[in-house]
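This briefing summarises the computed features of the structure shown below. Points are grouped by topic.

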Amino acid sequence: MLRLTDIQLLYGPIEALRGVSLEVAEGEIVTLIGANGAGKSSTLKAISGIHAVVGGSIEFRGQRIDGLPPHEIVGRGISHCPEGRRIFADLSVRENLLMGGYLLPKSETAQQLEQVLAMFPRLSERISQAGGTLSGGEQQMLAIARALMCKPALLMLDEPSLGLAPIMVAKIFETILSLRQHGLTVLLVEQNAGAALEISDRGYVLEVGSVTLSGDSRALRSDPRVVQAYLGG
Amino acid sequence: MFLQHLLNGITIGGSYALIALGYTLVYGVLKLINFAHGEIYMIGAYLGFILISLIPAMPPFLQGNVILMMMVVLIVAAAICALYGFYLEKICYRPLRGAPKLTPLISALGASIFLQNFVMISMGAKDQIFPQTIGMKTITLGGVSFTLLQLVIIFSSIALMALIYWFINRTRLGVAIKATSTDPYMASLVGINVDTVISVTFMAGSFLAACAGVMIGLYYGSINFTLGYLGGIKAFTAAVLGGIGNVPGAMVGGFLLGIIEALGAGYFSSEYKDVYAFFILIAVLVFRPAGLLGKGVNERA
């Protein structure tokens, strides 16, 4: 479904990605793990077109998407829920969700809103509240719900568990699993490598801008190198 | 007497508010003070002048109906100014996106000088006198005298403000302007074409400024190519007074500034009419930089 071939990305003179290649197949949950600055978020930014790549290619459903502006990439069916949630603080929960469905035809918006709210009943209770007044966990729910409003085929989540209470973290991961049952493909970036490898099918380990390990999540979980570096073994 | 000054203040304040909205909307999406905005307002006034001069050539059903005629003049002038706003952004600001903050500001000043001189050369440097065709008869009611034109101006300003308020809060594109103002990065991730939103914002602001230009031209009766400088700075003051970036703030600030100016001119000295606005600008910047309705100055990373 998604194929990255040897992509390179620069932040000024710094090479953030040095030839990353990876693949995500339809219906999979794939996770990227790695330390701070390894290039996990940069990979997602390259895919969603927020940051232009300087080399390599990105293909989605057989078509090149590198070089397209972000709003066109959203239109192709890739939704990026970025790190730090980035709720539109002054907009109401409803407006946040409607913005998520900005590219939907007007006739489908109401129905999609209903479906997304059914998944996150907590948000319907707060529908008229300003997004910025929600708790951290609720904001993360809203961020995911907003990312789902455009009916994506591939959802990219960047650190959805960051800064949340453990009970909330469990809930977020549960949500991700249930999304897959709805037929969604998920590309997940997580600091919490243990949890991420537990719910994912496959994983890639990034180190200073390149993929150093990849494979089945179960295999990665017992790989001594992963255990030592990321699972605190 | 007080009511008289108040009414005059509201008339002029409505126009300040309309121009201030353009400053505030553009500041919202680009975090840029568009210092060429006053010139758009001036061009609006000139377009109004040209259109009203053409009235004798218009169909008779228009000539007989003050309100309909006023609407036609407003809409045509505003539509042309919206195009000015569109190209102003495209030519002077878009190529500088991502440049240091000072660069587009200098570009704004350049655009302002260019537009002023463009109008001076094409329309002449002398004052142009508006044909006094619309509702100039004075009506006196309970000691307050006003013209029909004044009522039309007040009503039109309020109607335009209601329209822009509805647009921003009730339409998808309007809410996208708000979303882009809070977080342009996230706005592009939900599929908003940020460039389109910025263009629309400039067009909406220019539309309102042009309406203000036509109304002020009619109200004062004469216009000059330097009109945009003072008018622009006063409206900018109104936007700062209300809280730059804040839409209701620009409306409140505009009316407030108009009223203060009218009261000051009426009770103290009309010679100092323009001083009050600058006094307020300095006072707001010193004592309440975020403005009356502003939420404190905190820049997002």
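**Contacts of B:Ala210 and the nonpolar core**

In this predicted model, B:Ala210 is in contact with B:Ile40, B:Tyr41, B:Gly44, B:Leu47, B:Ala77, B:Ala78 and B:Cys81, leaving aside its neighbours within four places in sequence. B:Ala210 also belongs to the largest nonpolar core, which has 156 residues.

- The members of this core that touch the most other members are B:Ala17, B:Ala20, B:Cys81, B:Leu208, B:Ala210 and B:Cys211.
- Helix α9 of chain B, residues 194-220, gives the most to the core, with 17 residues.
- In soluble globular proteins, nonpolar side chains tend to be buried together.

**Helix α1 of chain B**

- Helix α1 of chain B covers residues 2-30, and its 29 residues should span 42 Å at 1.5 Å a residue; the end C-alpha atoms are 40 Å apart, in agreement with that expectation.
- Of the 29 residues of α1(B), 23 are buried, so the helix is largely enclosed by the rest of the structure.
- B:Lys31 follows α1(B) and has a positive phi, near 55°.

**B:Ser15**

- B:Ser15 is placed in helix α1 of chain B.
- Leaving aside neighbours within four places in sequence, B:Ser15 is in contact with B:Ser157, B:Ala212, B:Met215 and B:Ile216.
- B:Ser15 and B:Ile158 are separated by 143 residues in sequence, yet their C-alpha atoms are 9.6 Å apart in space.

**Chain B as a whole**

- Chain B contains 12 helices and four strands.
- The radius of gyration of chain B is 19 Å, which agrees with the value near 19 Å for a compact globule of 301 residues.
- Taken along the principal axes, the C-alpha atoms of chain B fill a box of roughly 55 × 45 × 40 Å.
- Buried residues account for 48% of the 301 residues of chain B.
- Of the contacts in chain B with a separation of 6 or more, 76% involve residues 24 or more positions apart.

**Chain A as a whole**

- Chain A contains 10 helices and 10 strands.
- For 233 residues the globule rule gives 17 Å, and the radius of gyration of chain A is close to this, at 17 Å, so chain A is as compact as a globular protein of that length.
- The C-alpha atoms of chain A fill a box of roughly 45 × 40 × 35 Å along the principal axes.
- Of the 233 residues in chain A, 42% are buried.
- Among contacts in chain A between residues at least 6 apart in sequence, residues at least 24 apart contribute 66%.

**An open sheet in chain A**

- Four strands of chain A form an open sheet with antiparallel pairing, in the order β2-β1-β4-β5.
- Strands β2 (14-24) and β5 (63-64) of chain A are the edge strands, each pairing on one side only.
- Strand β1 of chain A, residues 2-11, pairs with β2(A) in the antiparallel sense over eight bridges.
- A:Ile7 stands opposite A:Val20, which lies in β2(A).

**The interface between the chains**

- On the side of chain B, 14 residues are in contact with 21 residues of chain A.
- Helices α7 (172-182) and α8 (184-189) of chain B each supply at least two residues of the side that touches chain A.
- The largest share of that side, six residues, comes from α7(B).
- The residues of chain B on this side comprise seven nonpolar, four polar and three charged.

Terms used:
Residues are numbered from 1 along each chain as its sequence is written. Chains are lettered from A and ligands numbered from 1 in the order in which they are written. This is a predicted model: local features need pLDDT of at least 70, side-chain atom pairs count only at pLDDT 80 or more; totals for chains, interfaces and linings use all residues. Two residues are in contact if their C-beta atoms, placed from the backbone, lie within 7 Å. Ala, Val, Leu, Ile, Met, Phe, Trp, Tyr, Cys and Pro count as nonpolar, Asp, Glu, Lys and Arg as charged, and the others, Gly among them, as polar. A nonpolar core is a set of buried Ala, Val, Leu, Ile, Met, Phe, Trp, Tyr and Cys residues joined through C-beta atoms within 7 Å. A residue is buried if 20 or more other C-beta atoms lie within 10 Å of its own, exposed if 12 or fewer, and partly exposed in between; C-beta atoms are placed from the backbone. The expected span of a helix is 1.5 Å times one less than its number of residues. The radius of gyration is taken over C-alpha atoms; the globule rule is 2.2 Å times the number of residues to the power 0.38. Two strands pair if DSSP finds at least two bridges between them.
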